[in-house]
Amino acid sequence: MSGIPFDENSSDFPIRCFSCGAVIAHFYEKYKDLIKKGRTPKQALDELGIKRYCCRRMFLTHKSIIKELIRFHGAVG
Amino acid sequence: MIEVIEENERYIKFLLKNSFPAFANSWRRAMKSLVPTMVIDYVDFYVNNSFFYDEVIAHRLALIPIKTDLNRYNFQEKCSCKGVGCPSCQVIFRLNVEGPKVVYSGDLVSEDPEVHFVYKDVPVLELFKGQQLMIEAVARLGIGKEHAKFQPVSVCFYKIVPKITVLENCNLCGACVNECSKKILRIDKKLEVLNILDCSLCKECVKVCENKAIKVEETNDFLFTIESTGALPVRTIMKKALEVLIEKAKEMNKILEEVHQTS
Ligand SMILES: [Zn+2]
Ligand SMILES: [Zn+2]
């Protein structure tokens, strides 16, 4: 489980899966809760009913960039 | 003829029997790109000092599906308002929140209580202390051909159902059983096919068979899998796509008749 980002900010988690277009954003906070309860990512994703591997990798590889965005806040937008 | 294998409101798996690829594919394409749904298309920002750019927020809002009633709203270009925007062709969602707070899709207040987001717990963005977001988002009808956000389906595909025949000269060597990645073959006194719908038509069993005793052929049956985003029930998507196809066929007929008369 080490190295898998699971406590990322959920507010910039992609709303749809990049490949298939299924809506997945509403699962991310539930996924984080399950991981905190001690489930492995596989168990958590199976429990949430995310079947396709395109959608599953969205959860496994999410990295929030909101902290990086903050540095540019006010400078360009 | 249709034989449903698995079904709920958002998902269906069915066999389309005795059809042909041209129809199966045009139906699939119609479901993907010609069935209208309602989606946020225009956003007015009054205040936004969050860490997200206006465009990012508008983009995220547009990806959240909205429960659509096809009889209730018109296309803007076909509406009596001539595309200006009126209550019978668009719905306005309003939002005015201050941080610290995570803004969910359910926080947006719709003008029409019957039209709302399918998922109320989609995190749109997080507002931190002292940040405010005041927006007016306009939803309208559109089709997937115009923009992918209007697609009523996420996954929509078919595959041809194969037919596996084992010939007389099979010597039960078992090479095909080991080679099959979907594990649909079994030897039980003779070579048996377990679940033909799992077959991916890879034809590895044909390649590995030394006696050429196994044959994989395509049939006229199609296995469809459709998953709705929630904007419309999956049955409505299927029906509406067929209606669109009938309209198109009628139009084509008319063109052909005109060509026939003038020539
Ligand atoms: Zn996916
Ligand atoms: Zn109008």
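Modeller: A residue is buried if 20 or more other C-beta atoms lie within 10 Å of its own, exposed if 12 or fewer, and partly exposed in between, with C-beta atoms placed from the backbone. This is a predicted model, where local features need pLDDT of at least 70, side-chain atom pairs count only at pLDDT 80 or more, and totals for chains, interfaces and linings use all residues. Residues are numbered from 1 along each chain as its sequence is written, and chains are lettered from A and ligands numbered from 1 in the order in which they are written.

Biologist: Which are the buried residues of helix α3 of chain A?

Modeller: First, the element names. Helices (H or I, at least four residues) and strands (E, at least two) are DSSP runs, numbered from the N terminus. In α3 (residues 53-60) of chain A, the buried residues are A:Cys55, A:Met58 and A:Phe59. Looking down the axis of α3(A), they fall within an arc of 95°, so they line one face of the helix. That arc is taken from the directions from the helix axis to the C-beta atoms.

Biologist: What do the buried residues of α3(A) pack against?

Modeller: Contact means that the C-beta atoms of two residues, placed from the backbone, lie within 7 Å. The buried residues of α3(A) pack against α1 (28-36) and α2 (41-48) of chain A.

Biologist: How many residues of chain B are in contact with chain A?

Modeller: 19 residues of chain B are in contact with 18 residues of chain A. On the chain B side, β7 (123-127) and β9 (153-166) are the elements that give two or more residues. β7(B) gives the most, with three residues.

Biologist: What is the order of strands in the open sheet of chain B?

Modeller: Two strands pair if DSSP finds at least two bridges between them. The four strands run β3-β8-β4-β6 in chain B, with antiparallel pairing. β3 (37-48) and β6 (109-110) are the edge strands, each pairing on one side only. β3(B) and β8 (residues 132-142) of chain B pair over ten bridges. There, B:Phe45 stands opposite B:Ile135.

Biologist: Where is the hairpin of β10(B) and β11(B), and which residue is in the turn?

Modeller: Strand β10 (residues 185-188) and strand β11 (residues 190-193) of chain B run antiparallel, joined by four bridges. One residue lies between them, and B:Lys189 in the turn has a positive phi of about 70°. B:Asp188 stands opposite B:Lys190.
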